Amino acid sequence: MARKYGIKEVFATLQGEGAQAGMPAVFLRFAGCNLGYDVCPWCDTDWVKAEYTLDLDDTLDLVRRTAWEGFGGEVPGLLLVATGGEPSLQLDRPLSDALRERGYRISMESNGSRPVDRSLVDWLTVSPKQAEFAQKEGDELKLLFTGGAVPGITPDADAVRRIADGTRFGHYFLQPVDVPAAGGPNYGEVIRTVMQLGPPWRLSVQTHKVAGIP
Ligand code: SF4
């Protein structure tokens, strides 16, 4: 039986975060996560229930229609952000090959808890949510800085250094967590920590939230 993909949503927007912030992108958000809200109580994504369960052709069709509605076509080199939930649970060779054949440049945003086959993607962002994680190489490491306000693996600069130790990424980002009950994004302590850490660490701003886009 043909493989089906559990998809939460597909939408056209700009990539909001990290080194590719500002680039036009189709977001393909898969349903399902292998960590879940117990590990990440501040998770701001609804990934639980698949809104679509589609085979390869129908998945491509949904992506194509979204690109046409958003950008007037499948522009060669358009970024396809595979996200979730945890996209490495579902993005496989047939889907990767088919998206690339249509001209997409595939970016994946993984929690890094399981090894990612980097040949499936053109850009890999790893955003670990556990101190021990499997995927230690990629294009960018993006740590959400939980600081003192909410539970998490990054309460301070030393914890950030320990997590990054032995990793090999092209870019290192520290990003606020956005917990409304804790006063919204904790930019103050993130900026102080980036200044404490120094290069290669940089602040990642969730520009889509500033711009009011998805
Ligand atoms: S790994 Fe990511 S998507 Fe999954 S629960 Fe944690 S923050 Fe949410």
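User: In strand 2, which residue is the bridge partner of Leu-14?

Analyst: The partner of Leu-14 in strand 2 is Pro-24. This is a predicted model, in which local features need pLDDT of at least 70 and side-chain atom pairs count only at pLDDT 80 or more, whereas totals for chains, interfaces and linings use all residues. Residues are numbered from 1 along each chain as its sequence is written, and side-chain values use heavy atoms, with hydrogens and water left out.

User: How many bridges link strand 1 with strand 2, and in which sense do the two strands pair?

Analyst: A strand here is a DSSP run (E, at least two residues; helices are H or I, at least four), numbered from the N terminus, and two strands pair if DSSP finds at least two bridges between them. Strand 1 and strand 2 have seven bridges and pair in the antiparallel sense. Strand 1, which spans residues 5-14, is also joined by three bridges to strand 3 (residues 52-54), again antiparallel, and there Ile-7 faces Tyr-52.

User: How many residues of strand 1 are buried?

Analyst: Buried means under 20% relative accessible area (exposed is over 50%, partly exposed in between, with a 1.4 Å probe and protein chains only). In strand 1, seven of the 10 residues are buried. In strand 4, residues 79-83, five of five are buried, with Leu-79, Val-81 and Thr-83 on one side and Leu-80 and Ala-82 on the other.

User: Which strands pair with strand 4?

Analyst: Strand 2 (residues 24-30) runs parallel to strand 4 and is joined to it by five bridges, and Leu-28 has Ala-82 as its bridge partner. Strand 5 (residues 105-110) also pairs with strand 4 in the parallel sense, over four bridges, with Leu-80 standing opposite Ile-106.

User: What handedness does the unit of strand 4, helix 2 and strand 5 have?

Analyst: A crossover is right-handed if, with the strands pointing away from the viewer, the path from the first strand over the helix to the second runs clockwise. Strand 4, helix 2 (residues 93-101) and strand 5 form a right-handed β-α-β unit.

User: Where is Gly-85, and is its peptide bond from Gly-84 cis or trans?

Analyst: Gly-85 lies in the loop between strand 4 and helix 2, and the bond from Gly-84 to Gly-85 is cis, with omega near 15°. Another cis peptide bond joins Pro-199 and Pro-200, with omega about 5°, and Pro-200 belongs to the loop between helix 4 (187-197) and strand 11 (201-203).
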